[in-house]
Amino acid sequence: PSLASGTPRIWYSSRTHSQLKQVIQELKKTSYRPWSVVLGSREHFCVHSSVSRHSGARQNAMCKRARDENRCPFFTGLRKGQGSKVNTSLMDIEEIVTACKGSMICPFYKCRDDAKEADLLLIPYDYLINPQTRESLGIGLQNAILVFDEGHNIEKCCESAASFELRAADLGGAITELEDAFDLLESGQCTCDEALGELTPEQLMTQINLLKRNLLTLEDSVHEERLQRDPTCDRIMMRGPGSQILKIFGRGSQRGEGIVAKDAKRICTVVRKAIAALTFSLDTTGSGGLHLDKLQSLLGAMFKPEPEELDKNYQVLIYEDVPDESKRGSKRKAVDFFSDMGSGQAREQKPRTLALWCFSCSVALRQLEKLGVHSLIITSGTLSPLQGTADAFGVPFPVTLENSHVIDTRKQLWAGVLGAGPEGAVLDASFAQRNEPAYLRDLGHVVEKLASCVPDGLLLAFHSYSQKEAVLRTWRQSGVFEEIVKHKPVFEEPR
């Protein structure tokens, strides 16, 4: 079916692909049969023998080259009209990948093609919330209906998507990637149009060296900040309002000029061309521009809002970190063609991490609002109190629905804390103690005692599936599980 003009499309989003898989399985049991498709990244969908081994910007660039040079038989099969062999509607990712691979068509681009006409699109939170991911997947949300299930996770996901950390290893890695791109251009190993465009290799090399100077200057600026021991977390650090990151990036040093808003477009172009140069060969073994891509995302986040918005929603932190020399570029070549000024300057200071942390999920949600969505629906069983939750989201919710509780809390609810079990073991479920045999045994005895006297059901919640499985395994081995089953049948939630 083709989508009627102007009809809103539904984007159903949950936290993980595994949760979306459960939704699809439940949808199959109903009479509702929309044209649906699951969207994901190349990391989930790629079946090319070489490209699928990589991720991020490197994988994207390698995919483009494989397509441009007709070295991907799956993409070629799709463009030759083989896509009709597979119907992706009501399929999860694993089913789509298996079906497409068997038909020699690309799962990633097959789903992107189907998404243009689908009525229902299923996608994890991050792909909708993160602007870089939205852009890379070509997601347009004009007049769309967005449904965020498990909405109690939204606040944290939005804040994480808008937050960035730039470690010393990231900065050093970005410098090394620029040096590697410079080498490829200088030796004539990279002549692709995507990397050069209208530039000559010498012109691009000049731009790469200019960006390298900028990054060396940023390194100086980060170390110029004065750190103090923070009593709340016992770490050596500096914290300030969000707009202070503009000062840190914009401050120059003897090694070069700082980075200001007007430089963002130039840097974006150089990063894109450098990554293209790094991934010119499908057999390349370098990082492929992962660090440069991370730097570019940070620049996009810090230069888009006004300084007042940065102060309102963000904090800047610089803190000392543990050195990780294995992830830092070991090479420091010449800063320009003829000079080695500033190269190989060893630092005696401890490595530092520069962080821009977002403390308001409204940043990401307001971006969605500006894209012209028709409706934003957030559902969860744990959003109460609704007014406080809506205020935190930072966008208007004129319609709210809150059902009354299924029990009478005045008569049917008792809240208490058990500090010890029947045998006197302390019920300490901290990471260090939760695998102690005495704790696990007495926890089982508590559940067995409750099961013997509570008239109806019990709900036992664990921190994670792995913890649940470890506890139940111990109970089965010790015989406690059999004692519990004597009083009530046990039902386990599957992964």
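**Exercise 1. Which residues form one aromatic cluster?**

This is a predicted model, so keep that in mind for every value below. Let's work out the cluster and then look at the ring pairs.

*Step 1.* The cluster is made of F75, F108 and Y109.

*Step 2.* Now zoom out: searching the whole structure turns up four aromatic pairs. One of them is F108 with Y109; the ring centres are 5.0 Å apart and the planes meet at 90°, so we call it edge-to-face. The cut-off behind that call is a plane angle over 60 degrees.

*Step 3.* Check the surroundings. F108 has a relative accessible area of 3%, so it is buried. Y109 comes out at 9%, which also makes it buried.

*Step 4.* What about a charge? The charged end of R67 sits over the ring of F75, 5.6 Å from the ring's centre. Elsewhere in the chain, R476 lies over the face of F481, at 4.3 Å from the ring centre.

**Exercise 2. Classify the pair Y125 and F148, and say which parts of the chain the pair ties together.**

*Step 1.* For Y125 and F148 the centres are 5.7 Å apart and the planes are at 55°, so the pair is tilted.

*Step 2.* Place the residues. Y125 belongs to helix α7 (residues 125-129) and F148 to strand β4 (residues 145-148), so the pair ties together parts that are 23 residues apart in sequence.

*Step 3.* Both Y125 and F148 are buried.

**Exercise 3. Describe the setting of S36, from its strand to its contacts.**

*Step 1.* S36 sits in strand β2, which covers residues 36-38.

*Step 2.* Its relative accessible area is 3%; the threshold is under 20%, so S36 counts as buried.

*Step 3.* Where does the polar side chain go? A polar atom of the S36 side chain lies 3.0 Å from the backbone nitrogen of L90.

*Step 4.* Skip the neighbours within four places in sequence, and S36 is in contact with T88, S89, L90, A118, L120 and L122.

**Exercise 4. Work out the order of the strands in the open sheet of five strands.**

*Step 1.* Go pair by pair. Strand β6 (residues 228-230) and strand β7 (residues 235-241) run antiparallel and are joined by three bridges. Within this pair, R229 stands opposite I236 in β7.

*Step 2.* β6 and β7 make a hairpin with four residues between them, and D234 in the turn has a positive phi of about 55°.

*Step 3.* On to the next partner: five bridges join β7 to strand β8 (residues 314-320), again antiparallel. Here P241 stands opposite Q315 in β8.

*Step 4.* Put together, the order is β5-β9-β8-β7-β6, with antiparallel pairing. The edges are β5 (164-166) and β6; each has a single partner strand, so one side of each is left without a neighbour in the sheet. On average, neighbouring strands of this sheet are turned by 35° against each other, direction ignored.

**Exercise 5. Sum up the protein chain in a few numbers.**

*Step 1.* Count the elements: the protein chain has 22 helices and ten strands.

*Step 2.* Get the dimensions: along its principal axes, the C-alpha trace spans about 85 × 60 × 50 Å.

*Step 3.* Ask about burial: 44% of the 495 residues count as buried.

*Step 4.* Finish with contact order: among contacts with a separation of 6 or more, residues 24 or more positions apart account for 77%.

How values were computed. Residues are numbered from 1 along each chain as its sequence is written. This is a predicted model: local features need pLDDT of at least 70, side-chain atom pairs count only at pLDDT 80 or more; totals for chains, interfaces and linings use all residues. Side-chain values use heavy atoms; hydrogens and water are left out. Helices (H or I, at least four residues) and strands (E, at least two) are DSSP runs, numbered from the N terminus. Buried means under 20% relative accessible area, exposed over 50%, partly exposed in between (1.4 Å probe, protein chains only). A polar contact is a pair of N or O atoms within 3.5 Å; within protein, one must be able to donate a hydrogen and the other to accept it, and residues adjacent in sequence count only if both atoms are side-chain atoms. Contact means heavy atoms within 4.5 Å. Rings of Phe, Tyr and Trp (its six-membered ring) pair if their centres lie within 6.5 Å; planes under 30 degrees apart count as stacked, over 60 as edge-to-face and the rest as tilted. A charge sits over a ring if NZ of Lys or CZ of Arg is within 6 Å of the ring centre and within 35 degrees of the ring normal. Two strands pair if DSSP finds at least two bridges between them. Axes are lines fitted to C-alpha atoms, for helices over the stretch in contact, and angles run from 0 to 180 degrees between N-to-C directions.
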